[in-house]
Amino acid sequence: MKILVAMSGGVDSSVTAGLLKNSGHEVIGVTMKLWEGENGEMPTTGCCTALDSEDARKVASKLDIPYYVLDYTASFSTSVVENFVQMYSEGLTPNPCVECNRKVKFDHFIDQSKKLGCEKVATGHYAKIVIGEYGHELHRSDYLPKDQSYVLHMLSSEKLEKVLFPLGTLSKPEVRKIAAELGLDTAFKKDSQDICFVGENDYRSFVDKRVDLGSPGKIINTKGHTLGVHGGIHKFTVGQRRGLPGGQGDPLFVLEIDPLTGNVIVGNKQDLLRDVFYLDEVSFVNGFTSDDLLVQIRYNAKPLPCEVDEVERGVYKVLLSEPTTGISPGQFGVLYSGSRLVGGGRIVKNKVSEVSIV
Amino acid sequence: MKFLYLDHAATSPLRESVWDAMRIAEDLGYGNPAGSHTLSRNAKNIIEESREVIAKSVGAIPSEIIFTSGGTESDNWCLKVPFYNKYPTRQDLVTSSIEHEAVLNSAEWVEGNGFSVEYVRPSNNGKVQVNEFCKKIQDSTSVASLMWGNNETGVIQPIHEIGKKLNSNNDLIFHSDVVQGYVSKKIDFYKANVKSGAISAHKVGGPKGIGAMFLHSEYKLSSFFHGGKQELDRRAGTVNVMGVAGFAAAVREQQHRFDDEVDAMLNERNRLEEILSQEEGIVIIGKDEERLPHISNIQFNGNNSENLLVYLDLEGVGVSRGSACASGAQKPSHVLISMGIDKVSAESHLRISFGWSTKKGDGEKGAKKILEAVKETR
């Protein structure tokens, strides 16, 4: 089978390409150039740097597969970076990796693979595709510490038919071992952690440079008293402690961010507890198919038992069996039934929730 | 699968005679050419015989040819060195917006050091207009630089007409990057009234990493590299004897077979363009202008160059988008954008180029594969 493999220059995608090549497939390696400097050069910090693509090229050469760097900067810039800045300016907490997977990696990339005559695309994500009762199902990877199904929740069964995740049954140590056995230089390369286009810089200064966030706003407690002022709502995310005034007895946390007034509402940890929230832009892998649901509200958060209910088209109410903190509008709520991913959507606030609660 | 190489404007394969010349040069003349024993003299002789070959090929006298590491170094030297003096008497640089990066980025350096630079844009056909270019040249202009033929579109620039007009302006250096022009046009720097030029070996079947600068005997430029007194104290560093020998061998063969080789390039290019023209949505850039016979730049409406390139490579055909790019993914060509082509269209181009090793039938084979790629990736 002819397969287009996304190669970032990291160990995971290197092993992905290696495993497919060794099982006899015709593998073509591609590095997506997502982000660039002012003169079109590859970035030098974060992930997807010029050095990373050089690592990918070396791996491709070692595996003896064709390799290309392709330009994805236009779709990445509009779908991910602008969205990232926009969401912060609206007081939301974006998840650029989800946006990137949704709009860049698994749309543009699959489309390109078809044009190049490939039957499938493959990436080094830790997740499993299982052909089961519901068709092509997306499952958590067997190795839970690295499970990345959360950021892939938007992939429909139809999309999954075109995708391979060869690492879904492997652990990270196993992947590193395979890389070493294949003689790949990336075997002991450090995992990337940063938001790729922000790099080592603080995301706040990244946003600062790109959008005028107007005048500073107020920090207000739940009783409506002003406790201080702040330099811009993009510096806050729900559940955050940093940057809030002290000396109020209990430590303070951000409860809500109001982009209209510029107010940041704060309270104590107890005030963060919620048992209801709403998801919009909800999509399902194979349709809505389960009642023993768990919801995960952040990458790496513990899944929580819940019930969901459609309140209007594409908008779902999530009722948790126990309240929790850290529900951040802009992040994604992803639904699972056991290890099977059911679907997910974006956590919304105010406009939908207020209307719907009434 | 035999690879169909249609990217000669990027670089060309080594001619058989070049391999031989390089081996002989290292066998007989591995001594340092700046030394004084027999093996050094052998090396020195090889260099000087080679210099005569290169000089003759561009209508120059041998002492006007200085060996460099290639076109890029030659361009850097001619464009930047006149401005090295902090307060040069002449403070301006005039060039075009369609130059190779070696010239453009050197010009940017000059600009960044506080001097004035004019980038003359071409008309929509890709040719810089004589009057547009000349009217930017003032008494204060130090260097005027215009390429002989464009490396992406092949469009030949009006060097002779401009050279004629500049004849009276004696202190001005009229520089021309002839790296592509040299592949398929007879170059005579004197006839063109060009005072300095950049030449490269690897585009004509010679080795990479060697080239030459032509500098008219009436002009002097300070050294760009400092060190020993090689090349008549103009370029420091032990001369690349093997490279120089290979360069001369390539040029000797090229000059000997010039008409036949250029005819073959032209025939294959015409055949390719003829086949592709029958398809809808295909535009040949600069078709109505005089072009270098070895280059064709084609716009494929509704296609994306990257997909075409990858598809063709997987099918064993090597073409490119424009100039070679070190980092892999490319931006739309500055040449096409300067010609007024929009960004989306500029991302649907391929440069197909022929060279000394082009065989009869390559144009037709290439055209058929390209049509297949156009259909599959549209």
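**Close-up views of a predicted two-chain model**

Figure 1. Helix H11 itself covers residues 258-277 of chain B, a total of 20 residues. From its first C-alpha to its last the helix reaches 28 Å, close to the 28 Å expected at 1.5 Å a residue.

Figure 2. An α-helix has 3.6 residues a turn, so residues three or four places apart point the same way.

**Figure 3. Helix H4 of chain B and its surroundings.** Helix H4 comprises the 12 residues 101-112 of chain B. At 1.5 Å a residue these should span 16 Å, and because the end C-alpha atoms are 16 Å apart, the expectation and the model agree. The buried residues of H4(B) are B:Ala102, B:Val103, B:Leu104, B:Ser106, B:Ala107 and B:Val110. They pack against one helix, H3 (71-80), and against the strands E3 (92-96), E4 (116-120), E5 (141-145) and E6 (173-177) of chain B. Just after H4(B) comes B:Gly114, which takes a positive phi of about 95°.

**Figure 4. The meeting of the two domains of chain B.** The domain assignment of chain B gives domain 1 (16-255) and domain 2 (258-377). The C-alpha centres of these two domains of chain B lie 27 Å apart. Across the boundary, 27 residues of domain 1 of chain B are in contact with 27 residues of domain 2 of chain B. On the side of domain 1 of chain B that touches domain 2 of chain B, the elements giving two or more residues are H7 and H10 of chain B. H7(B) gives the most to this side, with 3 residues. By class, this side of domain 1 of chain B has 6 nonpolar, 16 polar and 5 charged residues.

Figure 5. Chain B contains 15 helices and 12 strands. Its C-alpha trace spans about 65 × 50 × 35 Å along the principal axes. A compact globule with 378 residues would have a radius of gyration near 21 Å, and the 21 Å of chain B agrees with this. Buried residues make up 52% of the 378 residues in chain B. Among contacts in chain B between residues at least 6 apart in sequence, 73% join residues at least 24 apart.

**Figure 6. The domains of chain A.** Chain A has 8 helices and 17 strands, and 44% of its 358 residues count as buried. Chain A is divided into domain 1 (2-124 + 166-188) and domain 2 (212-271). The centres of these domains of chain A, taken over C-alpha atoms, are separated by 38 Å. In chain A, 5 residues of domain 1 are in contact with 8 residues of domain 2. The side of domain 1 of chain A that touches domain 2 of chain A has 1 nonpolar, 3 polar and 1 charged residues.

Terms used: Residues are numbered from 1 along each chain as its sequence is written. Chains are lettered from A and ligands numbered from 1 in the order in which they are written. This is a predicted model: local features need pLDDT of at least 70, side-chain atom pairs count only at pLDDT 80 or more; totals for chains, interfaces and linings use all residues. Helices (H or I, at least four residues) and strands (E, at least two) are DSSP runs, numbered from the N terminus. A residue is buried if 20 or more other C-beta atoms lie within 10 Å of its own, exposed if 12 or fewer, and partly exposed in between; C-beta atoms are placed from the backbone. Domain bounds come from an automatic or database domain assignment. Two residues are in contact if their C-beta atoms, placed from the backbone, lie within 7 Å. Ala, Val, Leu, Ile, Met, Phe, Trp, Tyr, Cys and Pro count as nonpolar, Asp, Glu, Lys and Arg as charged, and the others, Gly among them, as polar. The expected span of a helix is 1.5 Å times one less than its number of residues. The radius of gyration is taken over C-alpha atoms; the globule rule is 2.2 Å times the number of residues to the power 0.38.
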